[in-house]
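Work through the exercises below with the sequence and the coordinates at hand. Each task is followed by a stepwise solution.

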Amino acid sequence: MWAAYARESGRDSSEDLARWTETRVPFLLQNEFSLVPLEETTRLELLYALQKRDARGQVLRPTQVRKIVKLFTGIPSVALAVGATPGPSDTTCTATQSLIKEVKRDITRGLDAYRGIDETAKPVWDLRALDTPLPARTRTGFRVREGEIDFTPILQPWLREVAMHWARTTSPGSSSLRDRLLACSIAAQALATRRAGSDPAGLGFADMTAVVNEFRVSVRRDGKPRSNDSRARLLKLFTELLEFGRSEGVLDDLSPRFVLHTNEHRIKRDKVDEDNIGKAVPESVVAQLDKHLDLIGVGMTYGSMPTGCIRAMFRTVYVLLRDTGRRPNEIGALGLGCLEYDGGEYQLIWDNTKAGRLRRRLPLDSDTVSAVKEWTSVRERLDLPSRALPFLFPAITDNAATGHLTTGNIGAAIRTWADSIPEIHSEELGPDGTPLPFDRSLIYPYAFRHTFCQRYADAGMSQHVLQDLMDHKSADTTAAYYKVSIKMKREAINTIKSLTTDRFGNPAPMRSNTAYEMRSVAVAFGNCIEPTNVKAGGKACPIRFQCAGCGSYRPDPSYLPAVEEHIRALKADREVAAAAGAAEFVIRNLDDQITAFQGVRENQKEKLASMPDEIRHEVEEASKVLRKLRAGASGAVSLGMPAFGPPEVVA
């Protein structure tokens, strides 16, 4: 190009060559860019911002820089520093918009540093511009989204200063800081109406009362009331901040009378609703969702991923939520090799990050395995960033903090899908007998973990197996995932108590619900009416739990799974006894018990088979409720019962 210029002008001096190179953009390869077209100061400022980005180890794409150079060409040299640069609306490229924001941020931060301005001295903090960044809620702690912490809603200077001092000193996580600022904002609203609100030395008991009252009526951003637990937590955060300020010497002027009085300033906790049946999505609603799987992911965008792939990915996510009961973040973080084939069946390899237990295993059924394999075949055709390669559900951008699908993405997909389904009916009937609409706000990713647990509790699975399936350390935690209302419990007992029999299958109905409940705690595979054993909660059986041969034994249809489980355990014991060369009377005793319990089982099955379909269905549903109650009660082992092997489980 220079040779052509020289021939046209007839000049070939070194001075002219230097002048030409300063004003002409060189021929650029695909992986190159030039800052030559920019004004000198603008060029240095942009170069500074790009160097800061490179020092952070972030990706720098030449094509994006070219677009920015084109937008900045002709901008005065001081424009970048004062922020009068082109905005994100000047380009449709999302990545370029993000880079423009970052360039402005880095230049502004550099200018503040030059002027000696501390970011934490401002009333509004740029979280990504802090010298000591606040920890982000990611595995790496790297903040990938812009964010600000605004202290201006705290109207009182003294309260704002202690909040800022707390944030500077403790370097809290951003979510913790936002909660603390929310608490301060609520208190500030109350103090704004008090005469001494801006004078910390003049505050007293009445002012604290006004603050507590403001917390008692606080609402969320959507206008809905907060729970009392949430209000109490926020009030505690506010009072903790005051104590911090006093101990740090920041609130030396704060009146000692401005404190929380336990008796007068208490926010009552929410009452437990015993008729609350838990957070599980009913199986009838799950069946309706399954019929509309073709709508999941429709209209959604996920980076540059094709629409068909987005739909396939979120369809697989839903199937795993529904069939495995794992937490949404555990599903999003599944590894590409999460399927393990062992002993003729597949297992899911997953990480319980909440409890710090890694590489857990969960049996999978064939349909779930097929769904994962189908998505894997789709995923193989995608061009993915390097950070996403280890994950089954990849992040689509190279600067994603985790490299995999986030709970936010999953939640948005499930909510959008649920809202797009034309009709979702609840199990409740209206006055005209037609089903009422189901509350779609109850359909969210974590609810399927409750659904999973509820499903197996309804099937009569014992609690120790449920606890293992949910990977809980505490049985109490498992019990919170499935519930039975008082009304359901009462109706179930009313249905079943008249169906109890003696060991020969003759009717022996219970007279009252209380009698049924008392006698049901004695043994794991049927009621017991032996007074001493009932009074001792099952710990004083005179014949060592050989129930099928006892006149006090009162089984009913709800115990069928437990009876079958006990038969399997007795058969296993018989095989062990035979192999060990046990005496003939031991073998004979086990054979007799097996025969007797088989008779109990057949009697109950015959009774069910003889019932009309409608009544049989009612009995089966009542049996599920009672088995669920027993699973949530103390286990059989704690009642002095022998430990039986768990039933076969297909998760």
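The model is predicted: local features need pLDDT of at least 70, side-chain atom pairs count only at pLDDT 80 or more, and totals for chains, interfaces and linings use all residues. Numbering starts from 1 along each chain as its sequence is written, and side-chain values use heavy atoms, with hydrogens and water left out.

**Exercise 1. Confidence**

Task: Find where the confidence of the protein chain is lowest and where it is highest.

Solution. 
- Step 1. Take pLDDT, the predictor's confidence in each residue, from 0 to 100. The protein chain averages 81, and 82% of the residues score at least 70.
- Step 2. Confidence is lowest in helix H5 (residues 79–82), with a mean of 49, and highest in helix H12 (residues 307–324), at 96. Helices here are DSSP runs of H or I with at least four residues, strands are runs of E with at least two, and both are numbered from the N terminus.
- Step 3. Residues 137–145 have a pLDDT below 50; the model gives this stretch 24 contacts beyond near neighbours in sequence. A contact means heavy atoms within 4.5 Å.
- Step 4. For residues 634–651 pLDDT also stays under 50, with 43 contacts beyond four places in sequence. Where pLDDT is low, the predicted coordinates should not be read in detail.

**Exercise 2. Overall make-up**

Task: Describe the protein chain by its elements, burial and contacts.

Solution. 
- Step 1. Count the elements: there are 24 helices and nine strands.
- Step 2. Of the 651 residues, 43% are buried. Buried means under 20% relative accessible area, exposed over 50%, and partly exposed in between (1.4 Å probe, protein chains only).
- Step 3. Take the contacts between residues at least 6 apart in sequence: 63% of them join residues at least 24 apart.

**Exercise 3. Cysteines**

Solution. 
- Step 1. Cys550 has a relative accessible area of 18%, so it is buried. Cys309 also counts as buried, at 12% relative accessibility.

**Exercise 4. Strand pairing**

Task: Give the strand order of the open sheet that contains S4, and describe the pairing of S6 with S7.

Solution. 
- Step 1. Two strands pair if DSSP finds at least two bridges between them. Three strands form the open sheet, in the order S3-S4-S5, with antiparallel pairing.
- Step 2. Strands S3 (339–342) and S5 (357–363) are the edges, each pairing on one side only.
- Step 3. Four bridges join S3 to S4 (residues 345–352); Glu340 stands opposite Gln347 in S4.
- Step 4. S6 (residues 425–429) and S7 (residues 435–437) pair in the antiparallel sense over two bridges, and Leu429 stands opposite Pro435 in S7.
- Step 5. This hairpin has five residues between the strands, and Gly433 takes a positive phi near 90°.

**Exercise 5. Positive phi**

Task: Are Arg359 and Asp471 buried or exposed?

Solution. 
- Step 1. Most residues other than glycine have a negative phi, and most peptide bonds are trans.
- Step 2. Arg359 has a positive phi of about 50° and lies in strand S5. With a relative accessible area of 52%, Arg359 is exposed.
- Step 3. Asp471 has a phi near 60° and sits in the loop between helix H17 (463–470) and helix H18 (475–479). At 7% relative accessibility, Asp471 is buried.
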